[in-house]
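Student: Could you walk me through this protein chain, one question at a time?

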Amino acid sequence: IFFRAVFVPALKRWGYYAGIFAALELELVSNNLSYRNWTSNSTQGSVPVPEPVLVLQPMAALRAAYDLGSGATKLCLARVAPAVVPGELPSLEVLFEEEAEVLLGESYKTSDDSTIDDATCAKLVTVVERFERIVSEHAAACGAPVRRAGVATAVYREATNGPALQALLEERFNIRSSVISQSEEGRLGFLTALHKAGGGAPPPVAQMLSWDSGGSSFQLSLGACGGADATTAMPRVFEGAWGSSKVVYALARTIQQKPPESPGTPLSVNPCTAADWATLVAAVAASLSPPDWLQAAVAAHRDRPVAAVGG
C-alpha cells in the first residue's frame, strides 16, 4: 500500500465545483433524451445493423458555482452539456473562475457578538455584484440560461448572522447556497486532492491523505484513490477548529496580547518573533487529539512524497 499526503490550503475549488456541477446536472442527465433505433429491416446477412442514431440533447446551459468560504469567495462559471451516453459525465467547459478575499471569518472572530460586521458583509455583496456582471456578460454572449448554486462553510455555520447573509445573496442574486457540515468539507477537500494529485485521473497510489486548511476550520481526510468507491465512499475525516483567521486571532490576542483594532482595520500579527511562532505552534498542537488511524497513517509513511496545491 502506497500513501501520499496532499495539502489543500484554503482553495478547495475543484472539489466544491465538481460537487455543485454534479448536483446541478443530475436532473438534466436523468432527463436527457436519446433515441437508438435497431431494426431487423436493416441487415447484412443475419447481423442487425443499427440505423443512424438520433440524439435529442438539451442545449448546453451555464452554471455559476459559488464557494462561500470564511476567507475568500470564489466563482467558477462553466458551460455544461448533459451526457449523451447514459453513465457518462456531463461535459464541462470552464469560462471564468476567480477568488476574492473577503475575511468573514476574521470579522466574526474579532466581534463581540459573534456576528460578521456590516462593512465585511458589504464587501461580500460588492464582490458578488462584480462576479454577477461577469456572469451576465457570458450569458448574453452565449445566449444560454444560467443556474446558480453555492456551498457555504464554517463561518456561515458559526456566525449568528450567517443565515441572514445567505438569504441576502439568494434574494439579490438568486444564489441558493447550502451550509455544509465539516465532514462534508473534508470529503470535498479529499476529492479536490484526488483530482489535483492525479491530474484529473486517479493518482498511482492506493490511499491518500488530504489536508484542507480553510479560514475557520481544517479537515484531514484519509481515503482510497482507485476503484469505483474513490469518488463515492466517505473518507475518514479528522475535524479541527483551527483556521487561518482563528490562528491569527490567537496569535495577536492571546500570545502577543495586542489590543483590538479600530473597526474595519485588518488584524495584524506583525512583527512576529520566533518565540511568538513557537508558542503558537505549541498551543495548536496541545489542543489537538488526532485519532489513532491518522497517527498510524502518518507514522507509517513519513518518507512518502507530499504534493501541495492551494491559493
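What follows is a conversation about this predicted model.

Tutor: Happy to! First, this is a predicted model, in which local features need pLDDT of at least 70 and side-chain atom pairs count only at pLDDT 80 or more, while totals for chains, interfaces and linings use all residues. Residues are numbered from 1 along each chain as its sequence is written, and side-chain values use heavy atoms, with hydrogens and water left out.

Student: How many helices and strands does the chain have?

Tutor: Helices (H or I, at least four residues) and strands (E, at least two) are DSSP runs, numbered from the N terminus. On that basis, the secondary structure comes to 9 helices and 14 strands.

Student: What percentage of the residues count as buried?

Tutor: Buried means under 20% relative accessible area, exposed means over 50%, and partly exposed lies in between (1.4 Å probe, protein chains only). Of the 311 residues of the chain, the share that counts as buried is 41%.

Student: In which order do the strands of the open sheet lie?

Tutor: Two strands pair if DSSP finds at least two bridges between them. The open sheet is formed by 5 strands with mixed pairing. Its edge strands, β8 and β10 (177–179), each pair on one side only. The order is β8-β7-β6-β9-β10.

Student: Which residue is the bridge partner of Val80 in β8?

Tutor: Look at β7 and β8, which run antiparallel and are joined by 10 bridges. In β8, the partner of Val80 is Leu92.

Student: At about what angle does α3 run to β8?

Tutor: Axes are lines fitted to C-alpha atoms, for helices over the stretch in contact, and angles run from 0 to 180 degrees between N-to-C directions. Contact means heavy atoms within 4.5 Å. Helix α3 lies across β6, β7, β8 and β9 (146–152). Its angle to β8 is about 155 degrees.

Student: Which residues does Tyr156 contact, leaving aside its neighbours within four places in sequence?

Tutor: Nonpolar side chains tend to be buried together in soluble globular proteins. For Tyr156, the contacts are Leu68, Gly69, Leu104, Leu124, Gly162, Pro163, Leu165, Gln166 and Val179.

Student: How many residues lie between β11 and β12 in their hairpin?

Tutor: Strands β11 (residues 207–213) and β12 (residues 218–224) run antiparallel and are joined by 7 bridges. One of the bridges has Ser213 with its partner Phe218 in β12. The number of residues between the two strands is 4.

Student: How many residues apart in sequence are the parts that Arg79 and Glu93 tie together?

Tutor: A salt bridge is a side-chain nitrogen of Lys or Arg within 4 Å of a carboxyl oxygen of Asp or Glu. The side chains of Arg79 and Glu93 meet in one, at 3.1 Å from N to O. Because Arg79 lies in β7 and Glu93 in β8, the pair ties together parts whose separation in sequence is 14 residues.

Student: How far away is the nearest side chain of opposite charge from Glu106?

Tutor: Lys and Arg count as positive and Asp and Glu as negative, while His and the chain ends are not counted. Glu106 lies in helix α2, and Glu106 is buried yet has no salt bridge. The nearest side chain of opposite charge is Arg253, and its distance is 8.0 Å.
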